[in-house]
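This briefing is for a reader who is new to the structure shown below.

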Amino acid sequence: MGAGIALVGSVSALQPVSVCNEQLSSRVDTNDAWIRSRTGIAARRIAGPGETLTSLATAAAQAALEQAGWDAEDLDLILLATSSPDDLFGTAPRVQGAIGARQAAAFDLTAACSGFLFALITAGQYIRGGTVGRALVIGADQLSRWIDWDDRSTCVLFGDGAAAVAVEACEEPRNGLLGFKMHSDGRRADCLSLRQRDDHVPLLEGHSSQKGGFETIHMNGQEVYKFAVREVPAVLQELLNSTGTTAEQLDWLLLHQANQRILDAVADRFAIPHERVLSNLARYGNTSAATIPLMLDEAVRDGRVRPGDLIASSGFGAGLSWGAALLRWGGPGGARAPAAPG
Ligand code: UT7
């Protein structure tokens, strides 16, 4: 078993229906100018009836397998980062069953918008520990299920999507996970939440039982914004320090896609030119756990991210949770051996 984790393939799956800002403004009191100037979002994909998180995640997983050139039976692990499962007992096993990965253990990981990065890091630890050789890490969310379409402060922000990255054990020169940092602060959980509803059913005389079900998404946008522009640069600096990397060495900044103003603020903090900051917010909005792999896949496909490129990635959001990882993109079939940073 090798000492590294190679990122060998990435694929995204998106619903066909795109809803633009003008369309939303016929439903709720908002307008295209406000949404674009405050967030950078122009449109988002919204799942329709019959489209599920399982179908979306399965499409991404299946395509990632094909892109990596792997048989489903070669997989040891499937991690599905999501906050909007089809089944609270776990959606990852449904994906595992659908793609026929009979040898793979599969489970969900919930860390909201940090979920993909936390799942990638988790898979990396299994691989480094020697118990997993090949894994799929999927980021998928269908937050449209949990949006209050009358709340203009949140409904314009989110969209649905899924993307998967194939990772495998490798020798150190191909290692694609060069360092990471993770943080949580549950004291600030109420800044951004999707909570169990306070609902009860009568059970016995004088005793009722709780009834399952969730509220809609609640967010204190300004608090989360302040959190993001403070903590994301801090965790990226920690990452750079711990890996002996400088901002100038980075080919790309790949941040959770929540707000273009956050992307710009973080880039400016490190004097990184905006053209080296990956952004697809305009077309997809905030797809939560899916934003980072969706963006990575798009940039790999259009040739911006090439094998050997050095990427600093950061996820942040509900929990509150945030983290960062220094990645070296590998590409299908193995990348050229890159020089170590520093
Ligand atoms: O993925 C997890 C991480 N999430 C984030 O990072 C989100 C962080 N927060 C943000 O991105 C921003 O705070 C928002 C985009 C959510 C909001 O932008 P803002 O500049 O902080 O706006 P605001 O909440 O301070 O609201 C400013 C005004 C208010 O009106 P008044 O009180 O000034 O008259 C809002 O009622 O904008 C109004 N407003 C809207 N107007 C038109 C809020 N939402 C809308 C809307 N359309 N959709």
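Ile78 has Leu136 in E6 as its bridge partner. The model is a predicted one, in which local features need pLDDT of at least 70 and side-chain atom pairs count only at pLDDT 80 or more, while totals for chains, interfaces and linings use all residues. Residues are numbered from 1 along each chain as its sequence is written, and side-chain values use heavy atoms, with hydrogens and water left out. Helices (H or I, at least four residues) and strands (E, at least two) are DSSP runs, numbered from the N terminus.

**Strands around E6**

- Strand E4 (residues 77-81) pairs with E6 in the parallel sense over 5 bridges; two strands pair if DSSP finds at least two bridges between them.
- On the antiparallel side of the pairing, E6 joins strand E7 (residues 160-170) over 9 bridges.
- Val167 in E7 is the bridge partner of Ala135.
- Strand E6 (residues 134-142) has 8 of its 9 residues buried, so it is largely enclosed by the rest of the structure. Buried means under 20% relative accessible area, exposed over 50%, and partly exposed in between (1.4 Å probe, protein chains only).

- E10 pairs with strand E11 (residues 207-210) in the antiparallel sense, over 4 bridges.
- Opposite Pro202 stands Ser208 in E11.
- The two strands E10 and E11 form a hairpin with 2 residues between them, and Gly206 in the turn has a positive phi of about 80°.

**The largest pocket**

- The largest pocket holds about 610 Å³ of space. On a 1 Å grid over the protein atoms alone, a pocket is an open set of points with protein on both sides within 12 Å along at least five of seven lines, whereas a cavity is a set of points where a 1.4 Å probe fits but cannot get out; lining residues have an atom within 4 Å of a point. Grid points are joined across faces, edges and corners, and a volume is the space filled by probe spheres set on the points.
- Its lining has 27 residues, and Ser153, Leu157, Met219, Gly221 and Asn259 lie nearest the centre of the largest pocket.
- Two or more lining residues come from each of helix H2 (32-39), helix H6 (152-155), helix H7 (221-243), helix H8 (260-269) and strand E14 (310-317).
- H7 gives the largest share of this lining, 4 residues.
- The lining of the largest pocket has 11 nonpolar, 12 polar and 4 charged residues. Ala, Val, Leu, Ile, Met, Phe, Trp, Tyr, Cys and Pro count as nonpolar, Asp, Glu, Lys and Arg as charged, and the others, Gly among them, as polar.
- The largest pocket lies between domain 1 (4-174) and domain 2 (177-190 + 215-281 + 288-328), because both give residues to its lining. The domain bounds come from an automatic or database domain assignment.

**The second largest pocket**

- About 470 Å³ of space lies in the second largest pocket.
- Of the 21 residues that line the second largest pocket, Ser83, Ser84, Thr110, Leu143 and Leu194 lie nearest its centre.
- This lining has 13 nonpolar, 7 polar and 1 charged residues.
- Domain 1 and domain 2 both give residues to the lining of the second largest pocket, so this pocket lies between them.

**Helix H5**

- Helix H5 (residues 115-129) has 15 residues and reaches 21 Å from its first C-alpha to its last, close to the 21 Å expected at 1.5 Å a residue. The expected span is 1.5 Å times one less than the number of residues in the helix.
- Among the buried residues of H5 are Phe116, Phe118, Ile121 and Ile127.

- Leu250 is in the loop between H7 and strand E13 (252-255), and Leu250 is buried, with a relative accessible area of 4%.
- Ala271, in the loop between H8 and helix H9 (281-284), has a positive phi near 55° although it is a residue other than glycine. Ala271 is exposed, at a relative accessible area of 67%.
- Ser288 sits in the loop between H9 and helix H10 (291-301); its phi is also positive, near 55°. Ser288 counts as buried, at 2% relative accessibility.
- Between Gly319 and Leu320 the peptide bond is cis, with omega near -10°. Leu320 is in the loop between E14 and strand E15 (321-328).
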